[in-house]
Amino acid sequence: MSGDEISFVTLPQSGDHRQPFPKPHIEAFETPLRTDMALDYLEKAGALDGVDRLDAMEATLEDALHVHSAYLVDAVSIMSDLGSGFLGEASYASPDLLLSSLFALGGALEASKQVVSGDARHAFALVRPPGHHASTSNPGGLCYFNNVAIAVKQALSKKHINRVSILDFDNHFGNGTAEIFYTDASVQCLSIHEYNYESFGIGHYEEVGHGEGRGTNINIPLLESSHDDSYNSAMENIVKPAIQSFEPDLIAVSAGYDPHFADPVGNMDVDSRTFWMIGKSIQELVSKLGVKGSFWVLEGGYNLFTLGPSIHGSLEGLRGNSKPSLWDQVDRHVHEELLSDNLEIIEKVLETISRSL
Ligand SMILES: [Zn+2]
């Protein structure tokens with residue numbers, strides 16, 4: 001088995017960890033229904049026809065320790081035993097927290113392994129809870145173990161994988177992943193996210209990496225309500241050339257689908273056409289640059305109905321297929337002013353990149 005095959009990794013059990021909020025609050029949306037309903041949609045839509053299906057295996061605490069401090073790993077374990085309470089901002093414990101987290105991590109590790117071993121060109125792990133906000137020692141934002149970061153570290157332990165690019169397109173800044181690799185010259189972190197220029201926060205484009213890692217952290221902070229066109233420009237002008245010049249052996253994708261216009265948590269304005277475009281861009285980069293392949297791990301995406309078509313779009317892109325027509329694609333007003341403001345931001349990101357090299 002080799003070539004352009006796609007492996008698709010799912011949770012053997014959805015994992016009963018859920019955030020204990022009865023009201024429609026951000027935490028209430030991170031439930032097993034996310035992966036269950038997305039999988040149901042993908043199967044019925046034929047989006048998984050021809051892919052190699054695999055079950056995630058339970059990872060171990062030692063796997064998590066490849067990236068996280070013993071304190072964080074112990075805290076997740078102890079809080080899971082206690083069965084309730086909170087570990088950090090928007091990160092709550094439940095009796096199933098540890099088991100759910102280890103299966104999510106196991107799914108990411110399997111996806112990475114599929115590509116590194118040559119069994120598949122691309123792999124997608126439909127897992128939860130997400131991971132990209134978890135830093136070395138802190139859980140946060142619904143995340144406990146940084147699934148993508150741990151899978152990248154594992155991949156880098158293989159002889160032929162020396163450099164990895166991570167693209168994070170979740171609505172929110174992948175702060176955990178950026179922190180973990182901030183001084184690491186072998187990992188390039190690119191994050192496209194919503195940013196508030198009136199009330200500054202982390203995720204600014206001036207965060208470029210430190211020491212040997214200088215120049216390897218690239219933040220693309222776009223304005224709220226950014227449309228498909230802005231994402232297109234970010235990919236064409238920044239992400240594609242940056243990955244091309246970094247020359248990675250492997251591409252990892254933190255696949256967050258909360259920039260969808262119908263998402264209850266994110267505030268961007270895209271649909272499955274953008275997620276197809278990102279999949280197609282990664283597929284083209286992999287073919288053009290001779291990269292081993294790409295592995296994708298689910299991050300955000302909280303609209304239970306649009307998560308399926310969003311992932312469907314990405315899979316069609318990864319197959320190299322033309323843009324699919326999916327039910328979530330509705331015409332929305334394009335704000336020309338917003339696009340031109342984002343183009344100015346993209347210019348500033350490019351200037352910052354050239355200064356940091
Ligand atoms: Zn998010």
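pLDDT is the predictor's confidence in each residue, from 0 to 100. You need it here because this model is predicted.

**Stop 1: the whole chain.** Colour the protein chain by pLDDT. The average is 95, and 96% of the residues score at least 70. Now select strand S3, residues 86–88. Among the chain's elements, S3 has the lowest mean pLDDT, 89. Then select strand S6, residues 164–168, where the mean is the highest, 99.

**Stop 2: the sheet.** Show the strands. Eight of them form an open sheet in the order S2-S1-S5-S10-S9-S6-S7-S8, with parallel pairing. Which are the edge strands? They are S2 (52–55) and S8 (217–222), each pairing on one side only. Neighbouring strands of this sheet are turned by 15 degrees against each other on average, direction ignored.

**Stop 3: inside the sheet.** Select S6 and strand S9, residues 250–255. They pair in the parallel sense over five bridges. Find valine 164. Opposite it stands leucine 250 in S9.

**Stop 4: a helix over the sheet.** Select helix H7, residues 228–246. H7 lies across S6, S7 (187–194), S8 and S9. It runs at about 175 degrees to S8.

**Stop 5: two helices together.** Angles under 35 degrees count as roughly parallel, so H7 is roughly parallel to H8. Their crossing is right-handed.

Zoom in on the contact. From H7, pick residues including Tyr231, Met235 and Ile243; from H8, residues including Met277, Ile278 and Leu285. The contact's residues divide into seven nonpolar, four polar and three charged.

Terms used:
Residues numbered from 1 in each chain as written. Predicted model: local features only at pLDDT ≥ 70, side-chain atom pairs only at ≥ 80, totals over all residues. Axes fitted to C-alpha atoms, helices over the stretch in contact; angles between N-to-C directions. Helix = DSSP H or I, 4+ residues; strand = E, 2+ residues; numbered from the N terminus. Parallel < 35°, antiparallel > 145°, perpendicular 65-115°, else oblique. Left-handed = near helix turned anticlockwise from the far one by under 90°. Contact = placed C-beta atoms within 7 Å. Nonpolar A, V, L, I, M, F, W, Y, C, P; charged D, E, K, R; others polar. Pairing = 2+ DSSP bridges.
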